[in-house]
Each structure stands twice: as structure tokens, then as C-alpha cells.
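Student: I have a structure open and want to learn how to read it. Where do we start?

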Amino acid sequence: MRRYLLASVTAAAALAGPASADLVSEIRLGVMQENVCVLDCDNANKEAGQSVNGEILFGSPDFLGFIWSPKPYLMASGNFQGETSFGGAGLRWSFPITKTWQFEPSVGYVIHDGELASPYPDGDPRSLAFTEKHVLLGSRDLFRTTLGLHHDINEVWGVEVMYEHLSHGQVLGNGRNQGLDNVGVRVSYSFD
């Protein structure tokens with residue numbers, strides 16, 4: 001999975017150069033702290049660590065104008081400690097707060113390589129040990145929601161503080177749904 005994520009980001013970055021004038025709007029890259037305590041801290045002690053997070057944003061197509069012109073994106077996140085990595089796609093909105101600050105929520109879909117459930121039967125001591133170390137996401141498919149605060153440094157460069165939540169929400173799966181909450185900082189380069 002990690003090789004697939006790395007290959008996807010590399011290929012997208014290579015394609016972004018020639019396509020940037022017409023298709024790619026922006027590239028963002030940063031570091032996230034994974035599985036932080038936000039609202040539900042029961043699982044925040046599992047799979048802690050950092051990951052690299054990259055996103056390619058495309059120009060908003062005209063047909064999305066009726067929902068405030070979100071930009072489609074492709075993204076990938078690779079965990080440095082070998083824990084849950086993921087990649088996917090979605091829509092990102094940008095709402096100006098001031099001339100250089102924007103509030104940026106997004107929704108999307110990702111596929112991950114993390115744990116779904118314990119491989120050991122209930123009651124087995126190995127199952128308890130496994131669940132104490134791993135977030136059990138319950139489904140290979142997850143929703144990704146983010147909240148970001150983006151600042152334009154100049155016409156090309158920017159920085160962003162971002163929160164992301166991953167979960168199947170009992171819609172894309174059932175049963176275990178411990179989810180992940182990540183926070184981090186990214187830099188952006190705009191082609192617009």
C-alpha cells in the first residue's frame with residue numbers, strides 16, 4: 001500500500017508540471033500528527049506517530065458552482081512508523097475570512113492499509129493485546145472530513161493548519177469504527 005501511495009503522489013506530481021496551467025490548481029504537502037485526542041480519547045494512545053500528507057487540488061469545474069465551487073482533490077498520507085497509511089479523493093471548499101486567510105473544509109473518500117479487526121477470537125489474550133496497540137477501523141473504505149485554516153504568504157505560497165477525521169460512519173461499514181483524528185501543518189504552492 002505504501003508503495004502504491006508513493007507511486008501515486010510521484011506520478012501526480014510529475015503530471016502536475018505540464019498540466020498545471022490547465023488542470024492542477026494547487027499542490028499541498030505537510031506533516032500530520034496521527035491519532036490525536038480531539039473529542040473521543042479512548043483510542044488516542046494507539047498508533048500515534050507522524051505521517052507525510054500530500055494533496056493535489058484541481059480547478060473547480062463549472063457544474064460544481066451550485067455547491068459553492070469546491071475543488072476536486074487527490075491525496076495520499078504515509079505513516080512514518082508503518083501504521084495506517086491511506087489515499088483517496090474528494091472535494092475541498094475555500095471560504096475567505098480576510099484577504100489572506102481562508103476557512104477550508106473538505107469531504108472525501110479514502111482506502112487505507114490499517115487494521116479492520118483483531119485477527120484473534122474474542123477472549124484470546126492475544127486479541128486484547130492486539131486491540132490495545134491498533135485502531136480497528138472496521139472497513140477498508142472510509143470517509144475523510146477535514147477542517148483547515150489556510151494563509152496566503154504571497155500569490156504562490158501558502159501555509160495551512162489542518163484537522164482530518166477518518167471513519168466509516170456505519171455507512172461504508174459496520175461494527176468497529178474507532179476512526180482516526182489527525183492534525184498537522186502543510187505548505188501549498190498555487191498554479192492559479
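Student: Which residues of helix α2 are buried?
Tutor: Keep in mind that this is a predicted model. A residue is called buried when its relative accessible area is under 20%. In α2, residues 125-133, that applies to Ser127, Phe130 and Thr131. These residues lie on the same side of α2, because they cover an arc of only 95° around the axis.

Student: Which residues are exposed on the other side of α2?
Tutor: Pro125, Arg126, Leu128 and Lys133.

Student: What does Arg126 pair with in a salt bridge?
Tutor: The test is a Lys or Arg side-chain nitrogen within 4 Å of an Asp or Glu carboxyl oxygen. Arg126 meets Asp124, at 2.8 Å from N to O. Asp124 has 16% relative accessibility, so Asp124 counts as buried.

Student: How many salt bridges does the rule give?
Tutor: The count is 12. One of them joins the side chains of Arg28 and Glu160, at 3.1 Å from N to O. Arg28 sits in strand β1 (residues 24-34) and Glu160 in strand β8 (residues 157-167), so this pair ties together parts 132 residues apart in sequence. Both residues are buried.

Student: Which other arginine forms a salt bridge with Glu160?
Tutor: Arg92, with the closest N and O atoms 3.4 Å apart. Arg92 is in strand β4 (residues 86-92) and Glu160 in β8, so the pair links parts 68 residues apart in sequence. Arg92 counts as buried, at 2% relative accessibility. Glu160 also has 2% relative accessibility, so Glu160 counts as buried.

Student: Which residues do shared partners join into one network?
Tutor: Glu26, Arg28, Glu55, Arg92, Glu104, Arg144, Glu160, Glu164 and Arg186.

Definitions and conventions. Residues are numbered from 1 along each chain as its sequence is written. This is a predicted model: local features need pLDDT of at least 70, side-chain atom pairs count only at pLDDT 80 or more; totals for chains, interfaces and linings use all residues. Side-chain values use heavy atoms; hydrogens and water are left out. Buried means under 20% relative accessible area, exposed over 50%, partly exposed in between (1.4 Å probe, protein chains only). Helices (H or I, at least four residues) and strands (E, at least two) are DSSP runs, numbered from the N terminus. The arc is that of the directions from the helix axis to the C-beta atoms.
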